[in-house]
Amino acid sequence: MKTVLTIAGSDSSGGAGIQADLKTMTELGTFGMSAITAITAQNTCGVNAVLALPCDMISAQIDAVCDDIFPDAVKIGMLANSQIVECVAASIKKNAMKNIVLDPVMVSTSGHRLLDDDASDALINVLMPLADIITPNIPEAECLAGMKIASKADMIKAAGIIAGSFDGAVLIKGGHLANTGANCIEDSTNVAADLLYHGGQTQWFEAEFVDNPNTHGTGCTLSSAIASELAKGADMPEAVRKAKAYLTGAIKAGLNLGKGRGPLNHAWQNTISDC
Ligand SMILES: Nc1ncnc2c1ncn2[C@@H]1O[C@H](COP(=O)(O)OP(=O)(O)O)[C@@H](O)[C@H]1O
Ligand SMILES: Cc1ncc(COP(=O)(O)OP(=O)(O)O)c(N)n1
């Protein structure tokens, strides 16, 4: 069985972070392992508290995994502060890890900062160069590219700027532009359109925009699904295509848990075959 390590924060409500990653990895037939960077007290309504873990404990988790069950791919999510960014980068180099998917988590959709303001430089200069793909959402891509993004043309421009600063691929997720009219296609159906910039080429990955408010953890799910598909041997465009299909199914299958923006239905493939 192929193995995937998630280096990310814990979400007590189980919708995002480590919990979403492990559910995704299991559903996609890989063996998920974790190195927890921070503990959040959060639910479907928002993030109430964050505790960043000490760097030596984070490195120790990564080393323990790599010394025993070396991961075929790695997903990196919430890193909380610049010290953690640096120590995760050092652990990745030390253990010569491969198939690195970096989700540059900065602010939760509920508006809570999950990465210190002053940690962006370390993320860009120290960690990004080690990644095979980074998966920013629109606000994160705006920060990384230093420009506003209000259209698909802006997404293409920003992806080129971000890709210019490292060797890996860039997937700009368009969820924050969907339903704003900015990415409507000709038949006026609204789509959730993500842009992959890979090897100098751009490619759109479009899926139905599901009218479901329960989208907590979409970014975590997509990045851990890409890592799972890379671990199983897919090339980058194929990994993105399969990951997006899994994610869209999990949004469509619709759970209705909690009082706010609820989690995805990770077990949707089993639910469908049970019917
Ligand atoms: N309502 C939706 N229906 C279908 N896909 C969605 C929906 N909302 C988000 N997505 C998709 O989920 C993924 C992550 O979404 P996005 O909101 O852009 O990032 P993040 O969760 O990191 O803020 C992207 O592939 C995006 O296109
Ligand atoms: C612990 C933790 N990590 C990441 C996130 C952000 O989740 P994401 O899937 O990017 O998006 P939202 O759920 O915030 O839309 C988180 N909330 N908690």
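The model is predicted, so local features need pLDDT of at least 70 and side-chain atom pairs count only at pLDDT 80 or more, while totals for chains, interfaces and linings use all residues. Residues are numbered from 1 along each chain as its sequence is written, and chains are lettered from A and ligands numbered from 1 in the order in which they are written.

A159 belongs to helix α6 (residues 152–163); helices (H or I, at least four residues) and strands (E, at least two) are DSSP runs, numbered from the N terminus. A159 counts as buried because it has 24 C-beta neighbours inside 10 Å. The term buried requires 20 or more other C-beta atoms within 10 Å of a residue's own, exposed 12 or fewer, and partly exposed a count in between, with C-beta atoms placed from the backbone. D211 is 52 residues from A159 along the chain, and their C-alpha atoms are separated by 27 Å.

The sheet is open and has nine strands in the order β3-β2-β1-β4-β5-β6-β7-β8-β9, with mixed pairing; two strands pair if DSSP finds at least two bridges between them. β3 (46–52) and β9 (201–208) are the edge strands, each with a single partner, so one side of each has no neighbour in the sheet. Strands of a sheet pair through backbone hydrogen bonds, either parallel or antiparallel.

At the β8 end, strand β7 (residues 169–172) runs antiparallel to β8 and is joined to it by three bridges, with L171 bridged to L196 in β8. Eight bridges join β8 to β9, again antiparallel, and D194 stands opposite F205 in β9. β8 and β9 form a hairpin with two residues between them, and G199 in the turn has a positive phi of about 55 degrees. Six of the eight residues of β8 are buried, so β8 is largely enclosed by the rest of the structure.

Elsewhere in the sheet, β1 and strand β2 (residues 31–43) pair in the parallel sense over nine bridges, and G9 has A38 in β2 as its bridge partner. Helix α2 (residues 55–68) lies across β1 and β2, at about 155 degrees to β2; axes are lines fitted to C-alpha atoms, for helices over the stretch in contact, and angles run from 0 to 180 degrees between N-to-C directions. Helix α1 (residues 17–27) is mostly covered, with ten of its eleven residues buried, including G17, L22 and E27. Just after α1, G29 takes a positive phi of about 80 degrees.

Now the ligands. Around ligand 2 there are 17 residues, of which G9, A16, G17, T109 and G219 come nearest; near means that the C-beta atom, placed from the backbone, lies within 6 Å. β1 (3–11) and α7 (218–231) each supply at least two residues of this shell. Around ligand 1 there are 20 residues, with N137, K173, G175, A192 and G219 nearest. β8 (191–198), α7 and α8 (236–252) each give at least two residues to the ligand 1 shell, and α8 gives the largest share, four residues.

As for confidence, the chain has a mean pLDDT of 93, and 95% of its residues reach 70 or more; pLDDT is the predictor's confidence in each residue, from 0 to 100. Over residues 184–188 pLDDT stays under 50, and the model has two contacts beyond four places in sequence for them. The complex is given an ipTM of 0.97 and a pTM of 0.96 by the predictor.

Note on methods: Two residues are in contact if their C-beta atoms, placed from the backbone, lie within 7 Å.
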